[in-house]
Amino acid sequence: MSSDFEAANPAEEIEELPVIPLRDMVLFPRIFAPLYVGRDRSLRAVEAALAADERVVAVAQIDENEEFPDTDDLHAVGTDTLVSRLLRMPDGSTNILAQGQQRVRILEYVQTEPYFVARVKPIPEVSDNSLTTEALMRAVLALFEKVAQLSRDIPDDAFVAAMNAEGPGALADLIASTLDLELEARQDMLETADATVRLQKLNVILAKELEILELESRIQSQVQEEMDKNQREYYLREQMRIIQGELGEMDPILQEINTLREQIREANMSAEATEKALQELDRLAAMPSAMPETTVIRTYIDWLVSLPWQQATEDNLDIEWVAKVLENNHYGLPKAKERILEFIAVRKLAADKMKSPILCFVGPPGTGKTSLGKSIADALGRKFVRVSLGGIRDEAEIRGHRRTYVGALPGRIIQTMRRAGTVNPVFMLDEIDKIGADFRGDPSSALLEVLDPEQNFAFSDHYLELAYDLSKVMFITTANVLDSIPPALQDRLEVIEFPGYIEEEKIEIARRFLIPRQMESTGISHLHFTEEALQQIIREYTLEAGVRNLEREIGKICRKVARRVAEGKSYPKIVGRSQVQRFLGPPLIINHVAEEANEVGVAMGVAWTEAGGDLMAVEVTVMEGKGNLILTGQLGDIMQESAQAALSYIRSHGERFGLANDMDFDKHDIHVHVPEGAIPKDGPSAGITIATALVSALTGWPVRRDVAMTGEITLRGRVLPVGGFREKTLAAHRAGIKMLIAPEKNKRDLIEIPKKVQRRMSFVWVKHMDEVLETALIMDACPPEEAPTEVAIAEEV
């Protein structure tokens, strides 16, 4: 409110007055306002003012969050304030009743401790009584009247006080102090000395505020009308329900409620789920049907009653029949089949004590992982459901969204269980190694609960918010590699490796499954593929561990034959090697074979690939230079380190190979190259191959053409075991290699090699590099002293 005021000092008098900083407020002249004083410096300034003429300068802080402001943190314009009353509160704080008197400008601070004291100069107010100012006052008053009527924050007597304000300056200050303005806007009004300019600024502010308040009023009116409409509809529906009850007619909404209640009773849900469903149903029955939440509740209840809670299929526990079904549907894969038969045996003997296994089929694409899961479900007599996890990055895909979200649904686990219709399906989680993670969460972490037999009996979905039993589900996951699966998730999986098919297995699979399926799909009844033709397709037109591309090539031949049959032309009833090339064109793949002759500086290694295995030649040449080791062929870090370790071993044992001393190496460069440079290569298993090629190049001793080798080398010359032994051995056999040099500790892997391959190849098991060189090099053919000049470094020394 305002009051009559007479300036206590002449307009141009400069005075020294105490200063109190104000946080989050601006005090205007002619305005009474209570001020809370809590800071020690401000309390001292008030006490000094009360001891003198009861006057202080109230100045707003530039940063309202500054707890201990300095002089630089205060505005330059404040208000000369009269402290009329001081009250000390029970909590130790102090309140003062202050009255703004006039605007003052702070010229300088003469004291900062124990409180601020500044030299201030009054700012005279500029105003006129022109018609323009009078019109502006009336316009501002009119706008303020409307704002005061619409705003709940402006007191009722504010407009009365504004009507009685004397002069344009008093009117502007009163309205500015009443409105809820930003601190910067309030300070701007204080710093504006011209009353007419202040009124112009207020006119703009009031017009904007009025527009916002009118919009709020319209929105509130619409909401109120809608609420009144819903209330009226609710009363009418209640009356209609009572009338229908008197007439013996059933309300459709009530009929739906009764139907849902019956479905809940028949769903055989857990006690917790039944109680939750009935609670939600009671809420639904009490709500007006037009409310949006009724759809959310109805959908939730539908999910609860449609899930399988007790329904289960009976397992077929005839082990012989299950074994026969698996053998008829899939060739090979003995480990996976054996594990399923073990599950059935334990299920037969101790059904109440066993827990469903969590299997993980790991292997290259096309090896039958997904189709074997379907065969397992068929053999057990269970439902089969599959969820592809490839590319999932949102945890909600597994656990679902909470019902507070619009359009929320359960996660894929619960959705798939509803599709299965039983509590014990064979549930395949495909491509588990291709799950991603981002800001939306880590789906693999959500799977920890799903795939843990100790926890999944009470799986919690965010949408259901109930415990759901997954312990009877037989989970089977598939992956191409294990590296990308988190360790915590790997620990819950029983890994069964699908190593890829050898050539003989592919031929048998083609005869049993692929050819009959393609002939049926193309409508051909009589067509025979020779074994030579199938070998040619496998070796020259496919490069894979599985059989998908093999089936595509067989299907291509069948379609070309089907076209000739449809055109009435003659067609071959037996597909041999010549027909393969005619139908499929020139070979797509060039197979590596053994060298045609014993060569110096070339050793044959074997490598594991996703498509199985392959031969890998290592070439070494020596030339004059500066002692550099050059490595080419797109070799990875591990393979480069293997080459460096092999060279270090040879240099440290130079006398054993007829090399004089290390000084000679400083004058020659050694170039190690692995052909097919476009293909990245890595791994330690080429260590003994690189070492053999290096010794051959340095000594002139040729390497046997019918020998391949694999093994990691150490600086001491020890040969360490390697992985992928089965694939490497079969690759060497296909290439015509007669002898394979391998680490002795890989001898245990010989059990995985087919007997047919073991009979056709000889294996040399080695512990040290010396044994490798004795077997692989022909030392008598070209001793060091007779070696060709381009490789005989020792002779120059």
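**Notebook: pockets, cavities and one arginine**

I looked up the second largest pocket and noted a volume of about 1,000 Å³. The model I am working from is predicted.

I then asked which residues lie nearest the centre of this pocket. They are Glu497, Phe498, Pro499, Gly500 and Glu727, out of 30 lining residues. I checked which elements give two or more residues to the lining of the second largest pocket: helix H11 (334-349), strand E13 (494-497) and helix H23 (725-734). I also sorted the lining residues of this pocket by class. I got 15 nonpolar, 6 polar and 9 charged.

Next, I turned to cavities. My search of the whole structure gave 3 cavities of 30 Å³ or more. The largest cavity holds about 60 Å³ of space. I listed its lining: Glu595, Ala597, Asn598, Glu599, Val602, Ala603, Met604, Val703, Arg704, Arg705 and Val707. Strand E16 (residues 602-609) supplies the largest share of that lining, with 3 residues. By class, I noted 6 nonpolar, 1 polar and 4 charged residues around the largest cavity.

Last, I looked up arginine 103. I found arginine 103 in strand E5 (residues 94-111). Is arginine 103 buried or exposed? Its relative accessibility is 4%, and the cut-off for buried is under 20%, so I put arginine 103 down as buried. I then looked for a partner of its side chain. The arginine 103 side chain makes a polar contact with the side chain of aspartate 173, at 2.7 Å.

Terms used. Residues numbered from 1 in each chain as written. Predicted model: local features only at pLDDT ≥ 70, side-chain atom pairs only at ≥ 80, totals over all residues. Heavy atoms only, no water. 1 Å grid on protein atoms, 1.4 Å probe; cavity = no way out; pocket = protein on both sides within 12 Å on 5 of 7 lines; lining within 4 Å. Points joined across faces, edges and corners; volume = space filled by probe spheres on them. Helix = DSSP H or I, 4+ residues; strand = E, 2+ residues; numbered from the N terminus. Nonpolar A, V, L, I, M, F, W, Y, C, P; charged D, E, K, R; others polar. Buried < 20%, exposed > 50% of the residue type's maximum accessible area, 1.4 Å probe, protein only. Polar contact = N/O pair within 3.5 Å; in protein donor to acceptor, adjacent residues only side chain to side chain.
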